[in-house]
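Subject: A structure for you to look at

Hi there,

I'm passing a structure on to you, together with some notes on what I found in it. Please open it and keep it beside you while you read.

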Amino acid sequence: MARTKLIAANWKMNPTPPTALAEASRGEPYASSHDIDIVAFPCFLDLHQCIAHGLVVGAQCGRPEPSGAFTGDVSMQMLKEAGCSYVLCGHSERRKYHGETDAFIAEQVAAAMKVGLTPILCIGETDEERTRGEEFSVIKRQLTTVLSKLETQATQLVIAYEPIWAIGSGKTATPAEAQEMHAFIRSLLPENIRDTVRILYGGSVKSANAQEILRQPDIDGALVGGASLDPEEFRKIVGACH
Ligand code: PGA
C-alpha cells in the first residue's frame, strides 16, 4: 500500500533559517506538495511566525498534562491550539538531557493523539548497544512500551528510527541496515496499522545519501537535523524523494 512520504526538518535549538520563511511563501522547499508531506520543527518561539508563513509545523516536545505546575513546559493541548500539526516524542536528545523515559514518552504519544496532533515517536539505539548486538531488543522495548499504553487505535502514529550514533555524527546506517531495522519495526506494529504507519529514518541524512535511504521499501521519509537548516541542501533531500 502506498504511504505518502514525509520529510521532517528538525531545527532543534537553532534559529529558523533566515531564508526559510521567504522560501516558504514561494512554496518550497519547506512547504508540502501533493505527493510529499513536509513539516518543520522550529523552536517554540518561532512557531507562530512559521505558521503565519504557511508552513506545516510541529513542536520538538510537549507535556502530556493539559495545564498545571510544570515550569518551562508547554502542553500538547497548547501546541494544538497554537496551530501545530505534529509533535516529536522521545527524541534521543530529550531522553538524554531531560531524562525522558519510555513510560513518559508513551504518555506524550497518547496525549498528542488525544488532542489531534500527529506524534512522531523517535526510537534508536546507542553505539554501545549496537556493538553488544542489542539494537533489536532496545528498539523492541522502546516501541512496545509505547504501543502497550495506547488506548485508542494508533492510526496517526509516525515512527522515526534514529540510531543515536548516527545523529549529528556524519555516520549513517547503511541503506540495508536501515531497511532491516525498519522492516523489524513494522513487524512489531499491530496488524491493523502495519501497512499504513510511516517509519522515517533519521541520523545524518543529507543530499548525498538521501536517495539511497529513501528508496528502501520500508523507509517512508526522513527526520533531518543539520542538513535541514540549509534550504538548498533540504531542497535536494526533498528532491530525492521523487
Ligand atoms: P542530524 O539530526 O540529521 O543532524 O543527524 C537528526 C535528528 O536529530 O533528528
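Predicted model: local features only at pLDDT ≥ 70, side-chain atom pairs only at ≥ 80, totals over all residues.

**Around the ligand**

There are 13 residues around the ligand, and those that come nearest are K12, H91, E162, G168 and S204. If you sort the shell by class, you get 4 nonpolar, 7 polar and 2 charged residues.

K12 has a polar side-chain atom 2.7 Å from an oxygen atom of the ligand. E162 also places a polar side-chain atom 2.7 Å from a ligand oxygen. With G226 the backbone takes part: one of its N or O atoms lies 2.8 Å from an oxygen atom of the ligand. How much of the ligand's accessible area does the protein cover? On its own the ligand has 280 Å² of accessible area, and the protein covers 95% of that.

**Two residues in loops**

Have another look at K12, which sits in the loop between β1 (5–10) and α1 (20–25). Its phi is near 50°, a positive value in a residue that is not glycine. S204 belongs to the loop that runs between β7 (198–202) and α10 (207–214). Here phi is near 60°, again positive in a residue other than glycine.

**A pair of helices**

Now turn to helix α7 (residues 135–149) and helix α8 (residues 175–188), whose axes come within 10 Å and cross at roughly 35°. The crossing of α7 past α8 is right-handed. On the α7 side, E135, F136, I139, K140, L143 and L147 make the contact, while α8 brings E180, M181, F184, I185 and L188. Which classes do these residues fall into? The contact has 8 nonpolar residues, 3 charged ones and no polar ones.

Enjoy exploring!

Best wishes

Notes:
Residues numbered from 1 in each chain as written. Heavy atoms only, no water. Near = heavy atom within 4 Å. Polar contact = N/O pair within 3.5 Å; in protein donor to acceptor, adjacent residues only side chain to side chain. Areas by Shrake-Rupley, 256 points an atom, 1.4 Å probe, with all protein chains shown as cover. Nonpolar A, V, L, I, M, F, W, Y, C, P; charged D, E, K, R; others polar. Axes fitted to C-alpha atoms, helices over the stretch in contact; angles between N-to-C directions. Helix = DSSP H or I, 4+ residues; strand = E, 2+ residues; numbered from the N terminus. Left-handed = near helix turned anticlockwise from the far one by under 90°. Contact = heavy atoms within 4.5 Å.
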